[in-house]
Amino acid sequence: MQHTSIPEKSSSARVITDWRPEDPAFWQQQGHKIASRNLWISVPCLLLAFCVWMLFSAVAVNLPKVGFQFTTDQLFMLTALPSVSGALLRVPYSFMVPVFGGRRWTAFSTGILIIPCVWLGFAVQDLSTPFSTFIIISLLCGFAGANFASSMANISFFFPKQKQGGALGINGGFGNLGVSVMQLIAPLAVSFSIFAAFGGTGVAQPDGSLLYLENAAWVWVPLLAVFTLAAWFGMNELATSKASLSAQLPVLKRSHLWIMSFLYLATFGSFIGFSAGFAMLSKTQFPDVQILHFAFFGPLVGALARSAGGAISDRLGGTRVTLVNFVLMAIFSALLFLTLPSGGTGGNFTAFFCVFLVLFLTAGLGSGSTFQMISVIFRKMTMERVQQSGGSESEAMREAATETAAALGFISAIGAIGGFFIPKAFGTSLALTGSPAGAMKVFLVFYIACVVITWAIYGRKKQ
């Protein structure tokens, strides 16, 4: 048996100094077990982060019900702003794991999410809370969105290249599931007096029920505390993943980084954007439908599809899956126009909902397949460059892992912008024309462009 120094019982930093996931014997004997444990602690941490990130997609719809007099455009703004800060923060977050270590950064980035949750719970109970305060809280919720970049980068270090698509699909897919979990749990939590001991008071509704809107934020606090501790005591840090910021920055010079960022914006950007804006959009188009009873289905389908997208791409190739996926996104974006009301009349909610479910499905599937493409492209490109310059195979593998992780994190930052652009586009289109059709035309052109780019750059050669 090969010797390895893995301080499993260490009470200090739990740093693993010998990590060789590409070695089949090492992987079978101990690598798989360690990687799996870190993955399955990372998953609930990331899931909770997505719950906090998308809090305002459920809270904003209910703010008028507890007495806040905000305009529809202001409510759309609150659902969009977390994606702005989340996208911007993903850039530094994408480089944090090699600098600070995955265990410490996961625990820290999960624990600080308690702050906006507690603050929001108190803010919604005070009708004197200004719109500017809600803007600040929504921007703080964006810290949760940034966790995706560091989480995916961290998990990429633990798995061999042939298993990265599946592992990243599980981490990202079940993490994305947090959007659906939040949209399912939050409407249930606001119906019960869970936190009366902490000042939670309900607001009477026309049907005689009480709405405890603070619960939508406070219900996540105990879970965040538990999994912060789980990350601190249960995860590991890899000495082989350590790298300075300057060692990671050259990835910004790679042309494929920007091309794949564009494609990922169309997939994950659509998923998170639709997740943030779907409930508000449905309410404006079909006001008689209790959309919060159905809103969680779309993100649920998209999150599960992401997990499948990574695994399918490991088998069939990420380029092939991504190309077919973009074709479907363009087709169903066009079909959506047939389901919308015209002049305030007509429209078919069932057809509208079904078309959006397919868009969530393809957005999730494409998120998994594009991430698999990123892993394959950057590992291959970096290995060839290092070996051509005279570097050893071990040096090439280490630099490939570092550059791939940085690319995954940075590209995820670009994708998160969709969470702002899509709901804001819906809000602007509705304000100018009274219909979301103008925004959907832009999305349709975008998806068609992605079909052309994927085929022209990656489709004519195997990735």
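**Note on helix packing and selected residues**

1. Ser375 lies in helix α15, which covers residues 349–388. The model is a predicted one. With a relative accessibility of 5%, Ser375 counts as buried. Apart from neighbours within four places in sequence, Ser375 is in contact with Gln164, Leu168, Thr404 and Leu408.

2. Helix α8 (residues 161–189) packs with helix α12 (residues 255–285) at an angle of about 10 degrees, and their axes are 11 Å apart. Angles under 35 degrees count as roughly parallel, and α8 and α12 are therefore roughly parallel to each other. On the α8 side the contact is made by Asn176, Val179 and Gln183, and on the α12 side by Phe268, Phe271, Ile272 and Ser275. Of the residues in this contact of α8 with α12, four are nonpolar, three are polar and none is charged.

3. The largest nonpolar core holds 128 residues. Leu63, Phe134, Phe356 and Phe426 have the most contacts inside this core. For Leu63, leaving out neighbours within four places in sequence, the residues in contact are Phe68, Phe70, Leu75, Leu78, Val124, Phe134 and Leu213.

4. Helix α14 runs over residues 318–336 and has 19 residues. From its first C-alpha to its last, α14 reaches 27 Å, close to the 27 Å expected at 1.5 Å a residue. The buried residues in α14 are Gly318, Thr319, Val321, Thr322, Leu323, Asn325, Phe326, Met329, Ala330, Ser333 and Leu336. Their cover includes α12, α13 (297–316), α15 and α18 (437–459).

5. Helix α17 (residues 418–433) has 16 residues, which should span 22 Å at 1.5 Å a residue; the end C-alpha atoms are 22 Å apart, so the two values agree. Buried in α17 are Gly418, Gly419, Ile422, Pro423, Lys424, Ala425, Phe426, Gly427, Ser429 and Leu430. The elements covering these residues include α3 (72–93), α12, α15, α16 (393–416) and α18. After α17 comes Gly434, whose phi is positive, near 80 degrees.

6. Phe446 is placed in helix α18. Not counting residues up to four places away in sequence, Phe446 touches Phe262, Leu265 and Ala266. Phe446 and Thr17 are 429 residues apart along the chain, and their C-alpha atoms are separated by 45 Å.

7. Gly202 sits in the loop between α8 and β2 (203–204). Its relative accessible area is 29%, so Gly202 is partly exposed. Once neighbours within four places in sequence are set aside, Gly202 is in contact with Leu210, Leu211 and Tyr212.

8. Phe100 belongs to helix α4 (residues 96–100). At 40% relative accessibility, Phe100 counts as partly exposed. Phe100 and Leu88 are 12 residues apart along the chain, and 19 Å separates their C-alpha atoms.

Note on methods. Residues are numbered from 1 along each chain as its sequence is written. This is a predicted model: local features need pLDDT of at least 70, side-chain atom pairs count only at pLDDT 80 or more; totals for chains, interfaces and linings use all residues. Side-chain values use heavy atoms; hydrogens and water are left out. Axes are lines fitted to C-alpha atoms, for helices over the stretch in contact, and angles run from 0 to 180 degrees between N-to-C directions. Helices (H or I, at least four residues) and strands (E, at least two) are DSSP runs, numbered from the N terminus. Angles under 35 degrees count as roughly parallel, over 145 as roughly antiparallel, 65 to 115 as roughly perpendicular and the rest as oblique. Contact means heavy atoms within 4.5 Å. Ala, Val, Leu, Ile, Met, Phe, Trp, Tyr, Cys and Pro count as nonpolar, Asp, Glu, Lys and Arg as charged, and the others, Gly among them, as polar. A nonpolar core is a set of buried Ala, Val, Leu, Ile, Met, Phe, Trp, Tyr and Cys residues joined through side-chain atoms within 4.5 Å. Buried means under 20% relative accessible area, exposed over 50%, partly exposed in between (1.4 Å probe, protein chains only). The expected span of a helix is 1.5 Å times one less than its number of residues.
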